[in-house]
Amino acid sequence: MSSSPVSTSLPAQPYGRPPLRTVQVLGGGAGAGSSAHVRSLATGLAARGLRVTVCAPVQAEGEYDFTGAGAQFAPDAVSVLRAACAGADLVHAHGVRAGMRAALAMRGRRVPLVVSWHGEDPTAVGALGRLSRMLERHVARAAAVVLGASSDQVDLARLRGARDARLAPVAVPAGPGGTEAAADPGKVRAELGAVERPLLIAVGSLVPHRGYSVLLDAAREWRGLDPVPLLVIAGEGPLRAELSRRIHEEGLPVRLLGRRRDAAQLLAAADLAVLPSRWGARALLAQEALRVGVPLVATTVGGVPELVGPGAVLVPPGEAGALASAVTGLLADPDRRAALAVAGRAQAATWPSEDDTVAQVLSVYDELMERTRH
């Protein structure tokens, strides 16, 4: 995986001071957005002279090549994480679960902990909900600074007791897994079987919070269109069997593509992107769709409205009828789709760059290290 160049205009380290040693911690459940962010962050920090260790699942190293970004990679085993944190000046965890593991690994050490909340599920109920809230409270209070990917995440961190919670939007890295345009959209559409029909795309793991059951309900409603749109879902997960059964039994115009490394190319070839999630912060699909000018239909959850602004059509979560109506309305209105493509690109131009993101994180690190020296 490659990443766009990161400026090295900032000085690496003050003269006579050893390089800052940081550990970036990714949990096993980290999504593509968090993993891509850590890869981009590792690239930028290493370019500025910091020593970066990424503790993450081995699978994540294989896909995101943190060592190629200039970082040292360490598997996320408890003993390895503890050893890595023991040699760090600062630890930065990405996600609440990663934050909990980092806090336990750092127990007894006076080292600053930064936690990025990229999108924590506020809908969990019962025992799972109680456990999630307990973890959030522990991590929020253990962190010197919580960086929220969207305003709602900052509010949640403060509600859970964070001493210092700040808005820190993250950029979508360019390159594979980022925002590359398809070299030949026609070929992509032909391979998917969507030459003479509209192509819709959703991207993300097959898990409940993605809202794919509602998306299939919506697909059932647009079977009467002529031509019938084809919906492709790029992603893998525990709901595959259930979704496959429904697609077969109900005759839905939907294909499950599994995990794809060419999701950016698939997206660029699509007529519409669909984001039916029940919750989320800075959804990766939303960012990629707006950047390449693919009209987006998304749900009004978490940080999504703040992220997309006027660059997407928003519908309430869990309402298949509203989702189906938004999709059919856009398919019937090419002028509206063209206007959304323009508005999406304009909205994307307001987002921070990778360089902006690295600079903001580095300023937080510098602030925390100044505190420890006084």
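Axes are lines fitted to C-alpha atoms, for helices over the stretch in contact, and angles run from 0 to 180 degrees between N-to-C directions.

The structure is a predicted model, in which local features need pLDDT of at least 70 and side-chain atom pairs count only at pLDDT 80 or more, while totals for chains, interfaces and linings use all residues. Residues are numbered from 1 along each chain as its sequence is written, and side-chain values use heavy atoms, with hydrogens and water left out.

**Overall composition and confidence**

The protein chain has 15 helices and 13 strands; helices (H or I, at least four residues) and strands (E, at least two) are DSSP runs, numbered from the N terminus. Of the 374 residues in the protein chain, 54% are buried. Buried means under 20% relative accessible area, exposed over 50%, and partly exposed in between (1.4 Å probe, protein chains only). Contact means heavy atoms within 4.5 Å. Among the contacts in the protein chain with a separation of 6 or more, 65% are between residues 24 or more positions apart.

The predictor's confidence in each residue is given as pLDDT, from 0 to 100. Its mean over the protein chain is 88, and 89% of the residues reach 70 or more. Among the elements, strand E11 (residues 272-275) has the highest mean pLDDT (98) and helix H5 (residues 126-142) the lowest (88). Over residues 1-16 the pLDDT stays under 50, and the model has 36 contacts beyond four places in sequence for this stretch. Residues 175-179 also have pLDDT below 50, with 16 contacts in the model beyond near neighbours in sequence. Where pLDDT is low, the predicted coordinates should not be read in detail.

Two strands pair if DSSP finds at least two bridges between them.

Trp117 stands opposite Gly148 in E6.

Strand E1 (residues 21-26) includes Arg21, which counts as partly exposed because its relative accessibility is 35%. Leaving aside neighbours within four places in sequence, Arg21 is in contact with Arg51, Gly87, Ala88, Asp89 and Leu90. The C-alpha atoms of Arg21 and Thr53 are separated by 7.9 Å, although these residues are 32 residues apart along the chain.

**Helix packing**

Two packed helices are described by the angle between their axes and the distance between the axes. A crossing is left-handed if the near helix is turned anticlockwise from the far one by less than a right angle, and right-handed if clockwise.

| Helix pair | Axis angle | Axis distance |
|---|---|---|
| H3 (residues 78-86) and H4 (residues 96-105) | roughly 65 degrees | within 9 Å |
| H4 and H5 | about 60 degrees | 9 Å |

H3 and H4 are therefore roughly perpendicular to each other, and H3 passes H4 in a right-handed crossing. In this pair, Val78, Leu81, Arg82 and Cys85 of H3 meet Arg101, Ala102 and Ala105 of H4.

H4 and H5 are therefore oblique to each other, and the crossing of H4 past H5 is left-handed. Here Val96, Gly99, Met100 and Ala103 of H4 make the contact with Leu135, Glu136, His138, Val139 and Ala142 of H5.

Helix H11 (residues 284-292) is mostly covered, with eight of its nine residues buried. Just after H11, Gly293 takes a positive phi of about 75 degrees.

E11 and E12 pair in the parallel sense over three bridges, and Leu275 has Ala298 in E12 as its bridge partner. In strand E12 (residues 296-299), Leu296 and Ala298 point one way and Val297 and Thr299 the other way, and all are buried.

Ala341 lies in helix H14 (residues 334-348) and counts as buried because its relative accessibility is 12%.

Definitions and conventions: Parallel < 35°, antiparallel > 145°, perpendicular 65-115°, else oblique.
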